[in-house]
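Subject: Structure handover

Hello,

Here is the structure I promised you. Please open it next to this email and follow along residue by residue.

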Amino acid sequence: NIYVKNMAELVEQLSRFISFVQQMDGRPGDISFRDSTGFLGREEDYKSRIAEEARKELKFNSWNESWIGTGKIADCARGAINKSGNLINKNQQIDFKNRLDPNNSKYRPEAERALYNIYRNPICDEATAFENAVEVFGAKYDTIAFLFFIKDDTRFLPISTGHFDKGFSILEIDYTTSFRCGWE
């Protein structure tokens with residue numbers, strides 16, 4: 001069964017990865033991306049810092065529903081996207097900002113509502129908010145994943161679909177993440 005072979009290979013590779021990280025840390029035990037003193041923290045925790053800086057710009061805790069359509073949410077969102085670093089392709093950053101700009105042909109007046117639904121609307125579930133964001137901002141996984149990452153970087157993580165697909169291919173796992181911008 002190819003699934004069993006791939007799963008066994010994945011487990012083997014994860015085991016090797018854990019051993020590598022423990023060796024880089026110079027200590028046995030659990031590994032964590034949140035341990036800033038450990039190898040993974042030094043190499044990957046910059047993403048948490050990006051999320052924190054983006055949250056400061058986004059200021060979504062202060063949003064009010066009456067802000068929708070005023071440009072206030074759009075201003076906050078543009079500031080947050082500017083903090084995305086290498087987590088969002090530059091072209092996607094520009095496209096996102098264009099959809100928030102009333103002077104741009106790509107402008108989407110419902111963009112502020114979509115953002116409000118992600119961060120502040122208590123009656124809009126996350127799956128629906130995700131789908132709304134895809135409709136407004138396009139099926140750009142980097143961008144949509146980053147918006148949710150800002151919301152809660154302990155639950156969501158933006159990934160490079162190209163890198164994941166390459167890894168799956170190497171492990172002979174018949175699955176791709178590219179062109180699958182969906183909540184599932």
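Start with Phe 17, which sits in helix α1 (residues 2-25). Helices here are DSSP runs of H or I with at least four residues, strands are runs of E with at least two, and both are numbered from the N terminus. Phe 17 counts as partly exposed, because its relative accessibility is 35%. The scale is this: buried means under 20% relative accessible area, exposed means over 50%, and partly exposed is in between, with a 1.4 Å probe and protein chains only. Leaving out residues up to four places away in sequence, Phe 17 touches Ile 31 and Leu 40. Contact means heavy atoms within 4.5 Å.

A word on the source. This is a predicted model, in which local features need pLDDT of at least 70 and side-chain atom pairs count only at pLDDT 80 or more, while totals for chains, interfaces and linings use all residues. Residues are numbered from 1 along each chain as its sequence is written, and side-chain values use heavy atoms, with hydrogens and water left out.

**The whole chain**

The protein chain has 9 helices and 0 strands. Its pattern along the sequence is α-α-α-α-α-α-α-α-α. Of its 184 residues, 38% are buried. Take the contacts between residues at least 6 apart in sequence: 53% of them join residues at least 24 apart. The accessible surface comes to about 11000 Å², and carbon and sulfur atoms account for 52% of it. That area comes from the Shrake-Rupley method with a 1.4 Å probe; for residues, only the protein chains shown count as cover.

**The core**

Which residues have the most contacts inside the largest nonpolar core? They are Leu 58, Trp 63, Leu 115, Tyr 119, Phe 137, Phe 146 and Leu 147, in a core of 37 residues. At least two core residues come from each of α3 (46-58), α4 (72-81), α6 (111-119), α7 (126-137) and α8. A nonpolar core is a set of buried Ala, Val, Leu, Ile, Met, Phe, Trp, Tyr and Cys residues joined through side-chain atoms within 4.5 Å.

Look at Trp 63 next. Setting aside neighbours within four places in sequence, Trp 63 is in contact with Leu 58, Ile 73, Cys 76, Leu 115, Tyr 116, Tyr 119 and Arg 120. Ring pairs also link Trp 63 with Phe 60 and Tyr 119 into a cluster. The structure holds 6 aromatic pairs. Rings of Phe, Tyr and Trp (its six-membered ring) pair if their centres lie within 6.5 Å; planes under 30 degrees apart count as stacked, over 60 as edge-to-face and the rest as tilted.

Why is α4 described as largely enclosed by the rest of the structure? Because 7 of its 10 residues are buried. They are Ile 73, Ala 74, Cys 76, Ala 77, Gly 79, Ala 80 and Ile 81. Their cover includes α3, α5, α6 and α8.

Now α7. Its 12 residues should span 16 Å at 1.5 Å a residue, and its end C-alpha atoms are 16 Å apart, so the two agree. The expected span is 1.5 Å times one less than the number of residues. The buried residues of α7 include Phe 130, Val 134 and Phe 137. The buried residues of α7 pack against α5 (90-99), α6 and α8. Asp 125 caps the N-terminal end: a side-chain oxygen lies 3.1 Å from the backbone nitrogen of Ala 127. After α7 comes Gly 138, with a positive phi near 90 degrees.

**Single residues**

- Asn 117 lies in helix α6. Asn 117 is buried, at 8% relative accessible area. Its side chain makes a polar contact of 2.8 Å with that of Asn 121. A polar contact is a pair of N or O atoms within 3.5 Å; within protein, one must be able to donate a hydrogen and the other to accept it, and residues adjacent in sequence count only if both atoms are side-chain atoms.
- Asp 153 is in the loop between α8 (141-151) and α9 (161-170). Buried or exposed? Asp 153 is buried, at 14%. Its side chain makes a polar contact with the side chain of Ser 48 (3.4 Å).
- Lys 59 is in the loop between α3 and α4. Lys 59 is not a glycine, yet has a positive phi of about 50 degrees.
- Pro 102 lies in the loop between α5 and α6. Pro 102 is exposed, with a relative accessible area of 58%.

Best wishes
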